[in-house]
Amino acid sequence: MPIGQAKFGLLGGVADVLDLDNVNLIYSYDIAGTETSVDFLSTDISPDTYENSFFVFNYVGTSIGQAYLDFSTDNCSSFTSNNYSYQSSRGTSASGTPTGDTSSTATYFEKLTYANTGDVAGIINISNMNALETTRIQSISTAETGSNYSSIFYGGYVNSSNSEQYNSFRFGLASGTFDSGNLSVYSYVES
(Lines give C-alpha, C1' and ligand atoms only; values in the text may rest on other atoms or scores of the structure.)
Protein backbone atom coordinates (compact mmCIF):
# COMPACT_ATOMS: atom_id res chain seq x y z
CA MET A 1 0.00 0.00 0.00
CA PRO A 2 1.47 3.43 -0.91
CA ILE A 3 2.52 5.52 2.08
CA GLY A 4 0.02 8.21 1.14
CA GLN A 5 -2.91 5.85 1.39
CA ALA A 6 -1.65 4.34 4.64
CA LYS A 7 -1.08 7.62 6.45
CA PHE A 8 -3.61 9.97 4.93
CA GLY A 9 -6.77 7.89 4.70
CA LEU A 10 -8.61 10.29 7.02
CA LEU A 11 -8.46 12.97 4.32
CA GLY A 12 -10.94 11.06 2.20
CA GLY A 13 -11.30 12.67 -1.23
CA VAL A 14 -7.95 14.46 -1.09
CA ALA A 15 -6.41 11.46 -2.84
CA ASP A 16 -8.40 12.49 -5.92
CA VAL A 17 -6.65 15.90 -5.91
CA LEU A 18 -3.09 15.00 -4.79
CA ASP A 19 -0.81 12.28 -6.05
CA LEU A 20 -0.25 10.74 -2.62
CA ASP A 21 2.28 8.26 -4.02
CA ASN A 22 4.65 11.25 -3.93
CA VAL A 23 4.33 11.95 -0.21
CA ASN A 24 7.78 11.51 1.35
CA LEU A 25 8.74 11.09 4.99
CA ILE A 26 11.03 13.97 6.02
CA TYR A 27 11.36 13.33 9.76
CA SER A 28 9.93 11.01 12.40
CA TYR A 29 10.09 11.32 16.19
CA ASP A 30 9.15 8.54 18.60
CA ILE A 31 7.84 9.87 21.91
CA ALA A 32 9.70 8.34 24.84
CA GLY A 33 7.31 9.74 27.45
CA THR A 34 7.31 12.72 29.83
CA GLU A 35 7.80 15.31 27.06
CA THR A 36 5.48 18.30 27.16
CA SER A 37 6.60 19.57 23.74
CA VAL A 38 8.76 18.54 20.79
CA ASP A 39 10.75 20.95 18.60
CA PHE A 40 11.10 20.35 14.85
CA LEU A 41 14.26 22.18 13.76
CA SER A 42 15.37 23.20 10.27
CA THR A 43 17.87 20.32 10.26
CA ASP A 44 14.94 17.94 10.85
CA ILE A 45 12.36 19.26 8.39
CA SER A 46 14.43 21.01 5.63
CA PRO A 47 12.15 24.06 5.22
CA ASP A 48 14.35 25.45 2.40
CA THR A 49 13.35 22.41 0.35
CA TYR A 50 9.85 21.74 1.70
CA GLU A 51 7.68 24.81 2.28
CA ASN A 52 4.52 22.69 2.31
CA SER A 53 4.23 19.63 4.53
CA PHE A 54 1.94 17.29 6.42
CA PHE A 55 2.53 16.91 10.17
CA VAL A 56 1.05 13.65 11.46
CA PHE A 57 0.60 13.04 15.19
CA ASN A 58 -0.47 9.91 17.00
CA TYR A 59 0.05 9.80 20.75
CA VAL A 60 -1.24 8.67 24.13
CA GLY A 61 -1.30 10.88 27.20
CA THR A 62 -2.64 11.04 30.74
CA SER A 63 -4.50 14.20 31.80
CA ILE A 64 -3.25 15.95 28.69
CA GLY A 65 -4.19 19.48 27.72
CA GLN A 66 -5.05 20.59 24.23
CA ALA A 67 -2.21 20.53 21.72
CA TYR A 68 -0.67 23.69 20.27
CA LEU A 69 1.68 24.65 17.41
CA ASP A 70 4.13 27.58 17.47
CA PHE A 71 6.46 28.78 14.67
CA SER A 72 10.00 30.14 14.92
CA THR A 73 12.55 31.89 12.70
CA ASP A 74 15.56 30.77 14.78
CA ASN A 75 15.22 27.01 15.37
CA CYS A 76 12.88 27.33 18.35
CA SER A 77 15.14 29.65 20.37
CA SER A 78 12.25 32.12 20.29
CA PHE A 79 8.83 32.22 18.66
CA THR A 80 7.04 34.67 16.40
CA SER A 81 5.22 37.61 17.94
CA ASN A 82 2.91 37.85 14.91
CA ASN A 83 -0.75 37.20 15.71
CA TYR A 84 -2.16 33.76 14.97
CA SER A 85 -5.72 33.66 13.65
CA TYR A 86 -7.79 30.47 13.69
CA GLN A 87 -11.25 28.98 13.78
CA SER A 88 -12.22 25.51 14.94
CA SER A 89 -15.27 23.31 15.24
CA ARG A 90 -15.29 20.49 17.76
CA GLY A 91 -17.70 17.92 19.04
CA THR A 92 -17.86 14.76 21.12
CA SER A 93 -19.92 11.60 21.06
CA ALA A 94 -21.14 12.54 24.55
CA SER A 95 -22.75 15.75 23.27
CA GLY A 96 -24.82 16.37 20.18
CA THR A 97 -23.97 20.07 20.22
CA PRO A 98 -20.67 21.02 18.56
CA THR A 99 -18.75 24.02 19.87
CA GLY A 100 -16.14 26.24 18.28
CA ASP A 101 -13.29 28.59 18.98
CA THR A 102 -12.18 31.68 17.07
CA SER A 103 -9.25 34.02 17.63
CA SER A 104 -7.45 36.68 15.63
CA THR A 105 -4.93 37.61 18.32
CA ALA A 106 -3.56 34.31 19.64
CA THR A 107 0.16 33.94 20.37
CA TYR A 108 0.25 30.42 18.85
CA PHE A 109 -2.14 27.91 17.25
CA GLU A 110 -4.00 26.53 20.25
CA LYS A 111 -6.79 24.02 20.86
CA LEU A 112 -5.72 21.74 18.01
CA THR A 113 -7.04 18.72 19.94
CA TYR A 114 -9.35 17.93 22.83
CA ALA A 115 -8.00 17.94 26.36
CA ASN A 116 -8.56 14.39 27.54
CA THR A 117 -6.90 11.17 28.61
CA GLY A 118 -6.37 8.54 25.95
CA ASP A 119 -5.40 8.19 22.31
CA VAL A 120 -5.12 11.26 20.07
CA ALA A 121 -4.35 11.34 16.34
CA GLY A 122 -4.48 13.91 13.60
CA ILE A 123 -2.93 15.52 10.58
CA ILE A 124 -1.94 19.15 10.02
CA ASN A 125 -1.24 20.57 6.57
CA ILE A 126 1.35 23.38 6.82
CA SER A 127 1.59 25.69 3.78
CA ASN A 128 4.19 28.39 2.99
CA MET A 129 6.27 27.74 6.08
CA ASN A 130 9.59 29.10 4.80
CA ALA A 131 8.19 31.73 2.44
CA LEU A 132 7.62 35.45 2.90
CA GLU A 133 3.92 34.68 2.63
CA THR A 134 1.07 33.94 4.98
CA THR A 135 1.69 30.58 6.64
CA ARG A 136 -1.51 28.52 6.78
CA ILE A 137 -2.51 25.38 8.61
CA GLN A 138 -5.49 23.09 8.26
CA SER A 139 -5.99 20.30 10.77
CA ILE A 140 -8.22 17.31 11.49
CA SER A 141 -7.83 15.49 14.80
CA THR A 142 -9.63 12.78 16.74
CA ALA A 143 -9.36 11.63 20.35
CA GLU A 144 -10.70 8.62 22.19
CA THR A 145 -11.18 8.05 25.90
CA GLY A 146 -12.92 4.81 26.76
CA SER A 147 -16.21 4.78 24.86
CA ASN A 148 -16.18 8.56 24.27
CA TYR A 149 -14.59 10.06 21.16
CA SER A 150 -14.20 13.57 19.85
CA SER A 151 -13.08 15.39 16.72
CA ILE A 152 -11.84 18.84 15.76
CA PHE A 153 -11.70 20.56 12.39
CA TYR A 154 -9.33 23.50 12.49
CA GLY A 155 -7.92 26.16 10.18
CA GLY A 156 -5.75 29.20 10.67
CA TYR A 157 -2.88 31.42 9.57
CA VAL A 158 0.04 33.48 10.85
CA ASN A 159 2.43 36.02 9.29
CA SER A 160 -0.21 37.92 7.36
CA SER A 161 2.28 40.81 7.39
CA ASN A 162 4.60 38.66 5.22
CA SER A 163 7.54 39.68 7.39
CA GLU A 164 9.07 36.38 8.51
CA GLN A 165 10.38 33.10 7.14
CA TYR A 166 9.80 30.27 9.62
CA ASN A 167 12.39 27.50 9.76
CA SER A 168 11.06 25.45 12.68
CA PHE A 169 8.06 24.78 14.89
CA ARG A 170 7.09 23.39 18.29
CA PHE A 171 4.25 20.93 18.90
CA GLY A 172 3.24 20.74 22.55
CA LEU A 173 0.55 20.20 25.15
CA ALA A 174 -1.13 22.93 27.19
CA SER A 175 -0.78 20.66 30.24
CA GLY A 176 0.24 17.11 31.09
CA THR A 177 2.78 15.03 29.18
CA PHE A 178 2.95 12.68 26.23
CA ASP A 179 3.17 9.04 27.36
CA SER A 180 4.04 7.43 24.03
CA GLY A 181 3.44 7.79 20.30
CA ASN A 182 4.93 9.15 17.10
CA LEU A 183 5.17 12.56 15.43
CA SER A 184 6.11 12.66 11.73
CA VAL A 185 6.56 15.27 9.01
CA TYR A 186 5.87 14.40 5.37
CA SER A 187 6.29 16.47 2.23
CA TYR A 188 4.34 16.42 -1.00
CA VAL A 189 6.56 16.53 -4.08
CA GLU A 190 4.73 17.19 -7.34
CA SER A 191 5.34 14.58 -10.01
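This is a predicted model: local features need pLDDT of at least 70, side-chain atom pairs count only at pLDDT 80 or more; totals for chains, interfaces and linings use all residues.
Start with the whole chain. It has 191 residues, and 44% of them are buried. Its secondary structure consists of two helices and 11 strands. The accessible surface comes to about 8,900 Å². Carbon and sulfur atoms account for 46% of that surface. Now look at the contacts between residues at least 6 apart in sequence. Of these, 76% join residues at least 24 apart.

Next, see how some of the strands line up. Strand β3 covers residues 53-64, and strand β7 covers residues 116-127. The two run antiparallel and are joined by 10 bridges. Find Val 60, and opposite it in β7 you will see Asp 119. Strand β7 also pairs with strand β8, residues 135-145. This pairing is antiparallel too, with nine bridges. Here Asn 125 has Gln 138 in β8 as its bridge partner. In a regular strand, side chains alternate between the two faces of the sheet.

Stay in strand β8 and pick out Ile 137. Is Ile 137 buried or exposed? Ile 137 counts as buried because its relative accessibility is 0%. What does Ile 137 touch, leaving aside neighbours within four places in sequence? Its contacts include Leu 69, Phe 71, Phe 109, Leu 112 and Tyr 154. Ile 124, Asn 125 and Ile 126 are also among them. Now compare sequence with space. Ile 137 and Ser 53 are 84 residues apart in sequence, yet their C-alpha atoms are 9.8 Å apart.

Turn to the charged side chains. How many salt bridges does the whole structure hold? A search finds three. One of them joins Arg 170 and Asp 39, at 2.6 Å from N to O. Arg 170 lies in strand β10, residues 168-173, and Asp 39 lies in strand β2, so this pair ties together parts that are 131 residues apart in sequence. Arg 170 is partly exposed, with a relative accessible area of 21%. Asp 39 is partly exposed as well, at 26%.

Another salt bridge joins Arg 90 and Asp 101, at 2.7 Å from N to O. Arg 90 sits in strand β5, residues 84-92, while Asp 101 sits in strand β6, residues 95-106. The two are 11 residues apart. Both Arg 90 and Asp 101 are buried. Asp 101 also meets Lys 111 in a salt bridge, at 3.4 Å. Lys 111 lies in the loop between β6 and β7, 10 residues from Asp 101. Lys 111 is partly exposed, with a relative accessible area of 25%. Asp 101 counts as buried because its relative accessibility is 11%, and the cut-off for buried is under 20%. Together, Arg 90, Asp 101 and Lys 111 are linked in a network of salt bridges.

Finish with another charged residue, Glu 35. Where does Glu 35 lie? Look in the loop between β1 (23-31) and β2 (37-40). Glu 35 is buried but has no salt bridge. The nearest side chain of opposite charge is Arg 170, and it is 12 Å away. What does the side chain of Glu 35 reach instead? It reaches the backbone nitrogen of Gly 33 at 3.0 Å. It also reaches the backbone nitrogen of Ala 32, at 3.5 Å. Beyond residues up to four places away in sequence, Glu 35 touches Tyr 29, Thr 177 and Phe 178.

Definitions and conventions
Residues are numbered from 1 along each chain as its sequence is written. Side-chain values use heavy atoms; hydrogens and water are left out. Helices (H or I, at least four residues) and strands (E, at least two) are DSSP runs, numbered from the N terminus. Buried means under 20% relative accessible area, exposed over 50%, partly exposed in between (1.4 Å probe, protein chains only). Lys and Arg count as positive and Asp and Glu as negative; His and the chain ends are not counted. A salt bridge is a side-chain nitrogen of Lys or Arg within 4 Å of a carboxyl oxygen of Asp or Glu. A polar contact is a pair of N or O atoms within 3.5 Å; within protein, one must be able to donate a hydrogen and the other to accept it, and residues adjacent in sequence count only if both atoms are side-chain atoms. Contact means heavy atoms within 4.5 Å. Two strands pair if DSSP finds at least two bridges between them. Accessible areas come from the Shrake-Rupley method with a 1.4 Å probe; for residues, only the protein chains shown count as cover.
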